[in-house]
Structure formats: C-alpha cells, structure tokens
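Me: I've got a model open and want to go through its charged residues. Can you walk me through it?

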Amino acid sequence: MKQTILFTFLLAFLSIQPGMGQTASIKKGVITDSIPVGSDGTESMAVFLPRDFTMEKQWPVLFIFEKEGRGRQAIGMFQEAAEKEGFILAASNNVHDSIAIARNILLTNRMIDQLTGILPVNPKRMYTGGFGTGGQLASLVPVFLPKLAGTIACGAALPTLEVLNDKNPFYFIGIVGKQDFNYPVLRKTMDELDRKKFPNHLYVFDGGNEWPPKPYMEKAFQLLTVQAMEDGIIPRDESFLRQSYDYQLIEIRQQLQQNQLLNAYSQMEDLIQAYGKQIEMDSLKDETKRLKKDSRYRAQRREEKNTFFQETLRREDYEFYLEEDIATYNYNNLGWWKFQMETLDKLEQKDSDQSRDMAARLRGYINAYIEDYIMIVSREESVDEEALLLLQMLKTITEPGDPQYYLAVISQSAKLDDYGTALFYLEELLKTGYREKEVLYNLEHTALLRITPEFNRIIAEYFKDARYEIIEE
C-alpha cells in the first residue's frame, strides 16, 4: 500500500493518504484523532506533533495506552510535557483492557508500523506510557516488542516480573502517588529491576491513584533523552544535561527540607544511575552516603518496612474475606467490612504520615478490588445476580459518598423482588443528601417498587411530595 506525505509549512500540517480513499491531516501543536491504521478502516489512532516538528530530523515517540481505547484523552495528559521536551505522541483507539493481551500487542505493532511509515521516527527512541491498567499494558509491551526502548508507567507496576528478559532490558520509569495502593508494589518492582540490572527510576508525589502533576512527566521525558545520549543514539548535549540534572535536583532538595528522607534517598540513587556516566557526581554520591547513615532516615525506613508488612496482611485479609463472602453470599459479614472502614478512618486521624498514607492506600485497594470483581461478574455470560448485589452493597460501605452503588443496589434488589432491601438502601441514599428525584423515578427494574406506598412515603419525606398518591389500606 502506497503512503504519501504532503508537508505544508504555511498551514503546518501533514496530509496523509493511507490508501482506500482515506485521508487524514495531522496538524502540529494539537491532537489529531481518528487517523486510519491499516486499509480496512477498522482501526485508528490519535497523534500529537510538537509545534516545532519538522520532517528534516528523526523524533522520539511515546505510544500511550488507555484501557478503553480513548486515544485523545490519553495523549492529553502527556501533551504539555511532550511539547516542551520534543516528543511525538500516539495512541490507539482500539486497544482495550477487555481483549486479550496478544491482540493488544498486535494492534500496537500495526500502529507502530503505520506511524513509522509516515513520520520520521527515531527507531531507537520508541517508548510506551500509560496510567493504571494502561500503564500496566505499557510496561508489558516492550517485553514482547523489543524495538521499544522504555516505558513511563503512571500509577501502575509491572503485572508480573516473570516475563522480563534479562537479555532485553528496557528503561522503566514509574510515577506514583504515596497514597496510591500501587506504591508498595512499585517499590518492590524497582528492587527487582535493580537486581536484573534494568535501568529504572521511581518518582513519588503526594497524591493517590491519579494522574501525576505535569512536572513529573517532563522529568520522565528528560530521563529518556539522557539515556539516549548515554547510549550514543543522539549527540551529547552538555547544556541539556546540566539543566535537566539541576531540574531533577529541585525536588530532592524540597524533600530533604520536608524530612521526606526515604523518597529523597531513592531519587538520589536513581539520579546517580541516570546521570553518573555523563556528569561529575562525587558530591551527590557523598551526600547519599551521609543520608544512608542518618538516624532519621533509618527510622523512616524501619517505619515504612513495618507499615508495608501490616499493609500486606490487611490486603490478604480483604482478599480472603471478599472471595469467601462472594462464594457463600455472606451478607452477614457486611458488618465486618463496615468495621474495617471505621478502622481506616481512625488510621487517617493519626499523626503518622505512614499510617495516613497506608489507610488511603488500603481504601483505594479494596475499592479497586471490588470494582474488578463487579466487572468480572457483570461480564459473565450468566450473571450471578446475588453476587453482584452483594458486591454493590459492599461498595456502599467502602465508598459511601458515591450514589451510583446505592442506586445499583436499589435496582438490583427490585429486580430480585427484594423490596425491603431496596427501600432500606433508598433511605440510606437519601440520608447522604442525594436529591436526584427524576433519577429515582426512572431507575431500571423499579417500576413496581415505585408505585408502592412505602416508596412514595420515603420520597415524600425527603422531597416534600411524591409522584404517586399514598393510599393507606
């Protein structure tokens, strides 16, 4: 299939004709969506080109993964950093976490072939990136496609370390919040990557399971460029190296001032690994040695190790009891789950940062774990209605501020003709301040429930009026 590119400087866009009568224009400085991949029109990708893009040189590219194939949204989170650091971005609109990994790899390979066929991409500077499950997939792709040199995984760790090939190391950059339930896993991942001699770097910010602040994206891009200089892929740039190194040091100085010694020490070691062959590092090495002997650092390390141990035990309890409760439809154990959430509430009130961070991570973990279960049960050919109802009830305990799960319980209970449970959760929802009356009157499976006196009595109590007249027998 013949592909042609027309580059127009006045309009600053690329006109691509992939064949089969398809045409797409890639404009610089903005995200261009729905660029055809292949010739049958079933696959597409989104692409971002920096404003100073030119066809006269080769460019690094980051292929971004989003669990629901929303290429534009995924690129948007990396766009500002890519503009500043000079990276092309591309994301498939067809990659999805509901399809097999092998198929996602094939989709990715076709996207890579398409992009490198129409744009001047440096074949040794192709990387992957993503957030959450997208970040997990991004970290796996270089294992199966060795032409990819590294990954930026945000809020995600490698799903398994067993697939890593010591003969094909790639640069793993993790970015995670201290309150993210993936944080302890990423710490262990980095230790294993060190053992396997995989270049790696971990950035930790103050936050949960969320996209990291943009400066962390910029630093990650800079590390990829530094690595390319060290490997001789691109010319050494002394000015860039010095400015980048100084930029990386800013956060370390802030962490030291804020007594965040564990993260500061980790960053120092990573910087020595990343810049040590290109910049004189004796002063930072000496500072790292002194910090390692600091009693405050040792105390924080012991506290974190103890916290991680306690956290692991609690996670194992959550996993065990959730599986048992679902297998036996154990509604009687809802009280135990409520007690666990109250325990986390108390941990969050403690003076210890480690305790507060652990509580936030555990809360995030159990919510994510239940949500995964809901997804699995919902996708089964024959849905286990009782299990689904119990999982939705659990979510009203572990995430009481989200009305969707109360609504789901009301709907699911009415579907199972359990009006008593539906009415109980209706009132519990309204006690939280929920006042979307039309949503309640249009809730699926509740047609018969809505005409009962009990339903309308509750509605009248909280809304001052009900749609249907309350008839006393």
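This is a predicted model: local features need pLDDT of at least 70, side-chain atom pairs count only at pLDDT 80 or more; totals for chains, interfaces and linings use all residues.

Me: Fine. How many helices and strands are in the protein chain?

Reply: The protein chain has 16 helices and 11 strands. Its C-alpha atoms fill a box of roughly 85 × 70 × 40 Å along the principal axes.

Me: And what share of the residues counts as buried?

Reply: 52% of the 473 residues. The accessible surface is about 22600 Å², and carbon and sulfur atoms account for 49% of that.

Me: What about contacts between residues at least 6 apart in sequence, what share joins residues at least 24 apart?

Reply: 61% of those contacts.

Me: On to charges. How many positive and negative ones, and how far apart are their mean positions?

Reply: There are 55 positive and 71 negative charges, and their mean positions are 8 Å apart.

Me: Which residues form the positive surface patch?

Reply: Lys 285, Lys 289, Lys 292, Lys 293, Arg 298, Arg 301, Arg 302 and Lys 305. Helix 8 (282-293) and helix 9 (295-328) are the elements that each give two or more residues to the patch.

Me: Take Lys 305. Where does it lie, and is Lys 305 buried or exposed?

Reply: Lys 305 is in helix 9. Its relative accessible area is 67%, so Lys 305 is exposed.

Me: Salt bridges next. How many are there?

Reply: The count is 24. One of them pairs Arg 51 with Glu 83, at 3.5 Å from N to O. That pair links distant parts of the chain, 32 residues apart: Arg 51 sits in the loop between strand 5 (43-48) and strand 6 (59-65), while Glu 83 belongs to helix 1 (residues 71-85).

Me: Which of exposed, partly exposed or buried applies to Arg 51 and to Glu 83?

Reply: Arg 51 is exposed, because its relative accessible area is 56%. Glu 83 has 23% relative accessibility and so counts as partly exposed.

Me: Back to helix 9. What does Arg 315 form a salt bridge with?

Reply: With Glu 311; their closest N and O atoms are 3.9 Å apart. Both residues lie in helix 9, 4 residues apart, which is about one turn of the helix.

Me: Is Glu 311 buried or exposed? And Arg 315, buried or exposed?

Reply: Glu 311 is buried, because its relative accessibility is 2%, under the 20% cut-off. Arg 315 is buried too, with a relative accessible area of 12%.

Me: Now Arg 363. What is its salt-bridge partner, and at what distance?

Reply: Glu 348, with the closest N and O atoms 3.4 Å apart. This pair also links distant parts of the chain, Arg 363 being in helix 11 (residues 353-379) and Glu 348 in helix 10 (residues 334-348), 15 residues apart.

Me: Why does Arg 363 count as buried?

Reply: Because its relative accessibility is 19%, and buried means under 20%. Glu 348 has a relative accessible area of 28%, so Glu 348 is partly exposed.

Me: Last one. Which residues do salt bridges that share partners join into one network?

Reply: Glu 66, Glu 68 and Arg 70.

Key:
Residues are numbered from 1 along each chain as its sequence is written. Side-chain values use heavy atoms; hydrogens and water are left out. Buried means under 20% relative accessible area, exposed over 50%, partly exposed in between (1.4 Å probe, protein chains only). Contact means heavy atoms within 4.5 Å. Accessible areas come from the Shrake-Rupley method with a 1.4 Å probe; for residues, only the protein chains shown count as cover. Lys and Arg count as positive and Asp and Glu as negative; His and the chain ends are not counted. The place of a charge is taken as NZ of Lys, CZ of Arg, CG of Asp or CD of Glu. Patches are made of residues with over 30% relative accessible area and no salt bridge: like charges are joined within 9 Å, nonpolar side chains (Val, Leu, Ile, Met, Phe, Trp, Tyr) within 5 Å. A salt bridge is a side-chain nitrogen of Lys or Arg within 4 Å of a carboxyl oxygen of Asp or Glu.
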